[in-house]
Structures are given as C-alpha cells and as structure tokens.
Amino acid sequence: MDREEQLLFRHLQDLADTCYSRNVPVYTDFLNLNEQTVFLSKMSEFSHVRTVLDGGYEGAERKIVCFLPAYEEGEPFRPFLPIRIRSSAGKFTVPCTHRDYLGAILNLGIERGKIGDILVGDGQAHVLCMRAMADYVIEQLTSVKRNPVLVGSAEFSDLEKQLVFTEMTGTLASLRMDSLLAFFMKSSRTASAAVLDGERVFVNGRLCTSHSAEPRAGETVSVRGVGKFVFDGVVSSTKKGRLFIKIRKYS
C-alpha cells in the first residue's frame with residue numbers, strides 16, 4: 001500500500017475500534033472504488049465488528065462502510081439520503097451531465113466524500129448525499145449549468161427507476177476477463193489487457209488485474225474512464241464451443 005492507502009487503512013481501523021469499544025454504529029464517508037479495494041483487501045482486520053458496504057441501491061459504485069457491533073443484526077441505519085435535482089426551465093432546459101451536477105454541488109463547498117452516486121435522467125438527477133449535508137444542498141443549490149433547479153428529498157425506491165441499461169449479447173471463446181472487457185469496450189484484447197494492467201477494472205468494488213479472472217453472474221464490473229456493466233452470465237453455447245453471453249451496460 002502507498003502512503004495514502006495506509007492512511008485510509010488506519011482511519012478504517014480507528015472507526016472499527018471505536019465501534020467495538022463504544023458498542024455503537026460508526027460510518028465512513030462515501031468511498032471510491034480504490035478505497036473500497038483497500039477495505040476489502042483487509043477484511044480480516046475488522047473481524048471484531050460487523051461490516052456492511054452500502055451505496056443506496058444495487059450496483060452502486062460509491063459506497064460507505066458501516067461498522068456495526070457484532071451482535072447487531074438486520075439492515076443498518078443509513079447515514080445518507082437521496083435527493084432529487086430537477087430543472088425548472090421546462091423546454092428550455094440545457095442537457096446536463098454527471099460532471100455538471102457534481103460540479104454544481106462541490107461548488108457549494110461540499111467535500112467529495114459526502115456525495116455518493118449521481119444518477120442522471122431526463123432533466124433531473126438523483127444524488128446520494130450524507131444526511132448532514134442534504135438540507136444544505138436542498139437549500140443552497142439553485143442552478144446547474146444554466147438551468148434553474150428545484151431540489152428536494154427523494155425515496156430510495158426512486159433510484160432503481162433512474163437506472164437505464166443497454167443490453168448487449170455476443171459470443172466469447174472463454175470467460176476470461178480480458179475477453180469479456182474487449183467485448184464490452186468493443187476493442188482488442190490488447191486494449192482490454194491494458195486497462196487491467198492499468199488497475200482500472202473493479203469487480204463489485206474490488207480491484208481486478210487478472211487477465212484470466214472469470215466473473216460470476218450478477219457481478220458488476222466497472223472500468224474507470226469507460227463505464228460499467230452487470231454480467232448476466234452465459235445464456236448458451238454454440239456447437240463450436242463458443243459461449244453466448246449477456247451483459248447490461250449502465251447508460
């Protein structure tokens with residue numbers, strides 16, 4: 001681990017020890033994929049408490065770690081909320097990207113770790129936000145790009161409705177990760193090998209560098225700078241032994 005990763009690991013240890021000694025739940029801010037890999041690679045260090053990764057919905061990329069007393073069962077309290085940002089410009093709405101929404105929120109002086117995933121839809125976005133910051137964003141955010149916006153609370157059930165997938169099917173000679181990534185990226189095996197070697201691929205939040213790794217059905221694969229998809233598994237095989245697979249690309 002480099003120095004930054006060591007600092008994060010010590011911070012996680014401190015939170016776990018606080019949970020254990022005080023017998024209370026303790027939470028991190030939202031962690032990116034690299035930070036989640038640090039946590040997942042050191043899971044054995046947190047065996048004295050119960051841990052849960054939560055991003056608000058299935059397939060979330062940015063997640064918090066919940067450190068819970070070992071005896072505590074059930075779903076943990078979520079220290080974050082979904083909020084909805086909607087343009088009030090009507091037909092004059094200027095299309096906004098993930099970057100536009102994130103930039104507008106960060107310009108309020110909010111740290112990146114206080115914000116989870118941002119799901120962008122038609123003229124609106126749903127944002128996961130730590131509870132301590134949610135009211136501030138609702139009160140202070142008035143525009144995104146050139147659009148006046150209305151900001152209010154939302155429900156966790158709204159998040160799934162915002163998810164849009166593009167189904168992709170095709171055949172592979174094998175389920176090697178470099179082969180699957182080449183299919184997803186519509187590129188060569190050389191290009192897919194490069195993103196693996198560049199530590200840009202994460203499977204369910206854990207860094208993957210193995211060219212021959214075989215994903216399991218239901219796992220979410222994220223390629224930093226490219227996108228992410230859910231691997232739905234092998235549908236069938238051809239007479240020549242090629243595997244017919246299906247993935248769902250996040251749009």
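The questions and answers below concern a predicted model.

User: Which strands stand at the edges of the open sheet of three strands?
Analyst: The open sheet has the order E1-E3-E2, and its pairing is antiparallel. Two strands have a single partner strand each, so one side of each is left without a neighbour in the sheet. These edge strands are E1 (26-27) and E2 (50-54).

User: Which residue in E3 does Tyr27 stand opposite?
Analyst: Strand E3 covers residues 64-68 and is joined to E1 by two bridges. The two strands run antiparallel. Opposite Tyr27 stands Cys66.

User: Why do the buried residues of H3 line one face of the helix, and within what arc do they fall?
Analyst: Helix H3 (residues 98-106) has Tyr101, Leu102, Ala104 and Ile105 as its buried residues. Seen down the axis of H3, they fall within a limited arc, so they line one face; that arc is 160°.

User: How many bridges join E9 to E14?
Analyst: Strand E14 (residues 243-250) runs antiparallel to strand E9 (residues 165-172). Within this pairing, Thr169 stands opposite Lys246. The number of bridges joining E9 to E14 is eight.

User: Which residue in the hairpin of E13 and E14 takes a positive phi near 90°?
Analyst: Strand E13 (residues 227-237) is joined to E14 by seven bridges, and the two run antiparallel. Phe229 of this pairing stands opposite Lys249 in E14. The hairpin has five residues between the strands, and the positive phi near 90° belongs to Gly241.

User: Is Lys145 buried, partly exposed or exposed?
Analyst: Lys145 lies in the loop between E7 and strand E8 (147-153). Its phi is positive, about 60°, although Lys145 is not a glycine. Buried means under 20% relative accessible area and exposed means over 50%. With a relative accessible area of 46%, Lys145 is partly exposed.

User: What is the relative accessibility of Asn204?
Analyst: Asn204 is found in the loop between strand E10 (201-203) and strand E11 (206-207). Phi of Asn204 is positive, near 50°, in a residue other than glycine. Asn204 counts as partly exposed, at a relative accessibility of 39%.

Note on methods
Residues numbered from 1 in each chain as written. Predicted model: local features only at pLDDT ≥ 70, side-chain atom pairs only at ≥ 80, totals over all residues. Heavy atoms only, no water. Pairing = 2+ DSSP bridges. Helix = DSSP H or I, 4+ residues; strand = E, 2+ residues; numbered from the N terminus. Buried < 20%, exposed > 50% of the residue type's maximum accessible area, 1.4 Å probe, protein only. Arc of directions from axis to C-beta.
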